[in-house]
Amino acid sequence: MSKIRVLADHVANQIAAGEVVERPASVAKELVENSIDAGATRITIEIEAGGRRLLKVSDDGEGMVRDDAVLAFERHATSKIRETDDLAAIATLGFRGEALASIASVAKVELTTFTEGAKAATRVAIDGGRMRDVKDAAHPRGTTIAVRDLFFNIPARRKFLRSEATETYHLTNLVTHYALAHPEIAFTFVNNGRETVRAAPAKDLRERAYQIFGAEFLENLLEVNGGDPAVARVTGFVSAPRDRRTSRDSQYMFVNRRFVRDRTIGRSLSEGYRSILPHGVYPAALLFIETPLEEVDVNVHPAKTEVRFRRQAAVADAVREAVKNALASTGYAPPDQTISATASASAAPSMPPSASPPSVIEFIPPSMPAAPPPPVPPPQPRIDYIPEPSGDEIARDISAMIAQKSVQSVAPFNSAEKIAKIPEPESLSKNIRPLGQLDESFIIATDEDGLLLIDQHVAHERVLFDKYRALEAERRTESQQLLVPETFDLTPAQAAAFDDLVPELENYGFELMRLSGRTVAIKATPADLPGGEARNMLAELLDTVDAEKKDSARETLRDEIAASLACHAAIKVNMPLAPEKMRWLIDRLMQTSSPTTCPHGRPVILRLKTKDILRGFHRI
């Protein structure tokens, strides 16, 4: 008996749904893209219970006739492409023709649509892949799709959905991306009856960024405009180096106005900031890469969030150079010397290598015969006076000769990289004596076993982290009231995370107030936190403590808050410390729960043992 069989259509659709429909945000992405492809100028997204109970997308696009509305739920039914050659130049966001079929197989879907010229609108109802009803309805021009009870027929998939706050975070992030990609379209996002995002049609990206992120975000933006239209045209905005983030959450990348997650673009953006931003710090970016349709393949992943460039290296170079030029034009980076030299060389008139400047021809009147040149006396040898060199000059010349002759024959100094190690906590003694600072960033100290190098910033981080966790456990807070409350605007994604984090932040000494819309006021901060760091720390925390972490254990979330707070309040690098301050910091570090590692897992202390030093000098 044959073992291989063709799967039923509803089973195949549910398998496809596993690739296309990961969470409610995946459903919203497919529906919003269909609305954009339909020429909509207004798109409204409404959700309840994080999109699990209800996710409705309405638009004023061209709509569909009844036959198309019914056929749209068939697998691989699409109006975007017709033949194989169309896949080589895809201009629409959707094209696979399997999204609606996959969504309808795992949810209760109702589609209502009306197009110009039709006698009435059409309503199609499908439950779990089975068509329940098709009838006339009343509806303005456009389409509304309501998706209810996602994964109602697949309990195993439903239980893997995250909390309502997490799913709302992802949906808010999605709406933000497509609102930025299409400033000409009005976007409205409603969460449980409360309007979270409202963006009217904007004339350009700058105005749309103001609608989404607020005026402060715009103040730190630098315009990017570069690249080659034949390969990749790069436009948009990047942040000034003073506006730095600890994650890539504020980087929005688009290829032909399609939201993508591409490591090549992200890496090229970071390379543009090389030598400007330290490692582990990232800029904010709104980057749009426009490429010829045949230069990019969007048929790579079912969710269409990944693309493949035909000339990947050229696209990476275009992004990197466009970012570098944006920084150089505003004085944050030196101009590219290679480019400027090439440009100046091409601007100069060409001349053969052997050509010399034209000689000057002196005009002699005909009435005056030219006199013969006077005889030239033979040259006399010239005796130059050479002053006697000073002692410093003689020493300098001797040093230069020695260096020139012997620099290649002298073996390089052995690095301590292989012998400097992170000490075990139990091996550290109480008798650690500070000697001084290296680069005003590292404390040089000694103990019975040898030499210690202590990172002053992460050492203070560990001290403060343990202090904050102890105060939070005892329900004691040390706050400082601000004379004038500091206000700032949250992004839509930050606003979705804010309400859940407020109780935990208040346990550490913050006093926060939600004003109208997405505006927040800081009325008090933890006592150790400098006033200028409060806003940056809060914005960074809302970005880095992402939606997935909000679902984790409360202890993990509290550790994240304490670690971020300690990082911003700690002693900074390039800060001179008095001997008493170094002594105090070492003593407090030895009393912490983990004196050898900081809250983020980086080493605090490196040890160079005395026996390793003696072995390096061939004493033993």
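The protein has 19 helices and 24 strands. Both are DSSP runs, numbered from the N terminus: helices are H or I with at least four residues, strands are E with at least two. This is a predicted model, in which local features need pLDDT of at least 70, side-chain atom pairs need 80 or more, and totals for chains, interfaces and linings use all residues. Residues are numbered from 1 along each chain as its sequence is written, and side-chain values use heavy atoms, without hydrogens and water.

Confidence comes next. The average pLDDT (the predictor's confidence in each residue, from 0 to 100) is 82. At least 70 is reached by 83% of the residues. Two stretches fall below 50; a contact here means heavy atoms within 4.5 Å.

| Stretch | pLDDT | Contacts beyond near neighbours in sequence |
|---|---|---|
| Residues 337–371 | below 50 | two contacts |
| Residues 405–413 | below 50 | one contact |

Now the whole chain. Of its 620 residues, 43% are buried, meaning under 20% relative accessible area with a 1.4 Å probe, protein chains only. Among contacts with a separation of 6 or more, 69% join residues 24 or more positions apart.

Helix α9 covers residues 263–272 and helix α10 covers residues 312–329. Their axes, lines fitted to C-alpha atoms over the stretch in contact, come within 8 Å and cross at roughly 35 degrees. Which residues of α9 meet α10? They are Thr264, Ile265, Ser268, Leu269, Glu271 and Gly272. Their partners in α10 include Ala316, Val319 and Arg320.

How values were computed. Buried < 20%, exposed > 50% of the residue type's maximum accessible area, 1.4 Å probe, protein only. Axes fitted to C-alpha atoms, helices over the stretch in contact; angles between N-to-C directions.
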